[in-house]
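Here's a friendly walk through one structure, told in questions and answers. Take a look at it first, then read on.

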Amino acid sequence: MTHYKSDLLRLLDERGYIHQMTDAEGLDALAAKQVVPGYIGFDATAPSLHVGSLVQIMMLRRLQQTGHKPVVLMGGGTTRIGDPTGRDESRKMLSDETIAANIASIRTIFEPFLTFGDGSTDAVMVDNQDWLGKLGYIELLQEVGTHFTINRMLTFDSVKLRLEREQPMTFLEFNYMILQGYDFRYLSKERGVRLQMGGSDQWGNIVNGMELGRRMDGAELYGLTTPLLTTAAGAKMGKTAAGAVWLNSGQLPHFDYWQYWRNCDDRDVGKFLKLFTDLPMDEIARLEALEGAEINEAKKILANEATALCRGAEAAKTAADTAAQTFEKGQIGGDLPHVAAPADGITIVDALRELGFATSNKEARRKLDEGAVKVEGVVVRDPQHRIQPAGADVPVSLGAKKHGLVTR
C-alpha cells in the first residue's frame, strides 16, 4: 500500500477504489493542502442508476468525507448523443422531457449519499446541457476542434473496438469524446474543478479532458479511475440474470435491494464492505475473516449497511425483518422446501417443479410468464434461467406466500 499524505488518497487506497491516476504525487499534494472539487459524470438514460454506478457515487461520498467538494455532473447534453464506450450500437434518442424527468429522479438517489448546499465542501449537481446546449457548431469547431486529431481519436478504445467489430459508429457518437473533454475544461474554468473520476473504461476520455484544459487554459488537472468491478463469479456489478439492480426504490423494492447484497458470493463480502459501507476497516477485517455459516452474518451486515445508505435505516430494518420471517424462521423450523442443485446448476423450471411449486413444466413456464417467480428477490421470466448456488442458498419464491431454497 502506498503512503499518501492526503486523507483523500489514503482512504481511497485502503478501501480499494484506485486503479489509475494521472499524477498521484501532484493530486496527493493538492488534496493535502486545499479543498479539491472533483466530479464524475452520469448519463440520464433511465429514471434510475443501478448498482454498477454505486462505486462512483461512493467515490463522491469519500471525497466529501475527507473534506473535499463533490460535483455530480448529469449528462443532459451528452445523453442526447450517447457514450460509445463499450457499446456495439447507437443509443436510442430520448426526448428533452424524458431526459429532464430522468435527471430529477436520479437526483433523489444522490441525496442520501451526499450533503448538498452552498458551502465549500457541499455537493452540487450540474447539467452539461446548460453549457453544451449553448455552444455554436462553428464556435465548437474553432475553439475545441483544433485540439483534437482524428489520428488520436481513432486510437481510443471506444472507437477502435466499434470499428474492429465492423459496427457502424455515427459522426454524432464520434463527437462524444470531444464534448466530454469540453465538460472537464468548462468545469475547471467556471467552477474550479481539478479532478475527474470515473470507471477504468473512462481513462481515455478523462485524459482527453485534462489535455484540453491544459492546452486551452494552462490548467493543471488530475484524473483517477476505479478498477472494473466484477463479482467473484465474473459477473458485471449491477446486472443479474433477472435484470438490473436499480438504486431507486421506484424501480426495485427495498427487500429486493437488500437481498441482492445478502446473496453475494462469500468471496466478495470483504471487498463490498470496503467499497459500499462506512464500516471501519478493523470491523471489516473481522467480518471478512468469518467462515462457514458465520459468513452469512457478515452478509446480513453488508445488506443492512448498504441498504441503509441507499434507502434509509428504516428500509434496511424492514427488509431484514422480512427476510428473517420469510427464510430463516422457515429454515430453522425445517418448514421451507429445498432442492439440491447439481454442480452445473438447475433450471428455474426444474426448481419450481421439484420444490412443489408447479406440477408440470408447462405450469412452471406459465408462472414465469406471469411474473410470479422471484429468484433472490428479483422477478425471473426466462425458463432457461439457471440457478447455481455459490455461497449462500438461493431463495426462490412463487407469489407472496410460497418460498423455497436451492442449495448446493
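**Helices, bridges and a patch**

H13 passes H15 in a left-handed crossing, where left-handed means that the near helix is turned anticlockwise from the far one by less than a right angle, and right-handed that it is turned clockwise. Keep in mind that this is a predicted model, where local features need pLDDT of at least 70, side-chain atom pairs count only at pLDDT 80 or more, and totals for chains, interfaces and linings use all residues. Residues are numbered from 1 along each chain as its sequence is written, and side-chain values use heavy atoms, with hydrogens and water left out.

Q: Are H13 and H15 roughly parallel or roughly antiparallel?
A: Helices here are DSSP runs of H or I with at least four residues, and strands are E runs of at least two, numbered from the N terminus. The axes of H13 (residues 269–276) and H15 (residues 295–311) come within 10 Å and cross at roughly 20°. Angles under 35 degrees count as roughly parallel, over 145 as roughly antiparallel, 65 to 115 as roughly perpendicular and the rest as oblique. That makes H13 and H15 roughly parallel.

Q: How many salt bridges does the structure hold?
A: To count as one, a side-chain nitrogen of Lys or Arg has to be within 4 Å of a carboxyl oxygen of Asp or Glu. Going by that rule, the structure's salt bridges come to 18.

Q: How many residues apart in sequence are the parts tied together by aspartate 278 and arginine 62?
A: These two form a salt bridge, with their closest N and O atoms 2.6 Å apart. Aspartate 278 lies in the loop between H13 and helix H14 (281–288), while arginine 62 lies in helix H3 (residues 54–65), so the pair ties together parts whose separation in sequence is 216 residues.

Q: Is arginine 62 buried or exposed?
A: Buried means under 20% relative accessible area, exposed means over 50%, and partly exposed is in between (1.4 Å probe, protein chains only). Arginine 62 has 2% relative accessibility, so it counts as buried.

Q: About how many helical turns separate aspartate 321 and lysine 317?
A: Their side chains meet in a salt bridge, 2.9 Å from N to O. Both are partly exposed: aspartate 321 has a relative accessible area of 34%, and lysine 317 has 48%. They sit 4 residues apart in helix H16 (residues 313–332), so the separation is about one helical turn.

Q: Which helix gives the most to the nonpolar patch?
A: Tyr137, Ile138, Leu141 and Phe171 make a nonpolar surface patch of about 450 Å². Ile138 counts as exposed, at 56% relative accessibility. The biggest giver, with 3 residues (137–143 is its range), is helix H6.

Q: What distance separates the C-alpha atoms of glycine 345 and proline 389?
A: Glycine 345 lies in the loop between strand S9 (338–340) and strand S10 (346–347), and it is buried, with a relative accessible area of 2%. Proline 389 is 44 residues from glycine 345 along the chain, and their C-alpha atoms are separated by 7.4 Å.

Key. Patch = residues over 30% accessible without salt bridge, like charges linked within 9 Å, V, L, I, M, F, W, Y side chains within 5 Å. Areas by Shrake-Rupley, 256 points an atom, 1.4 Å probe, with all protein chains shown as cover. Axes fitted to C-alpha atoms, helices over the stretch in contact; angles between N-to-C directions.
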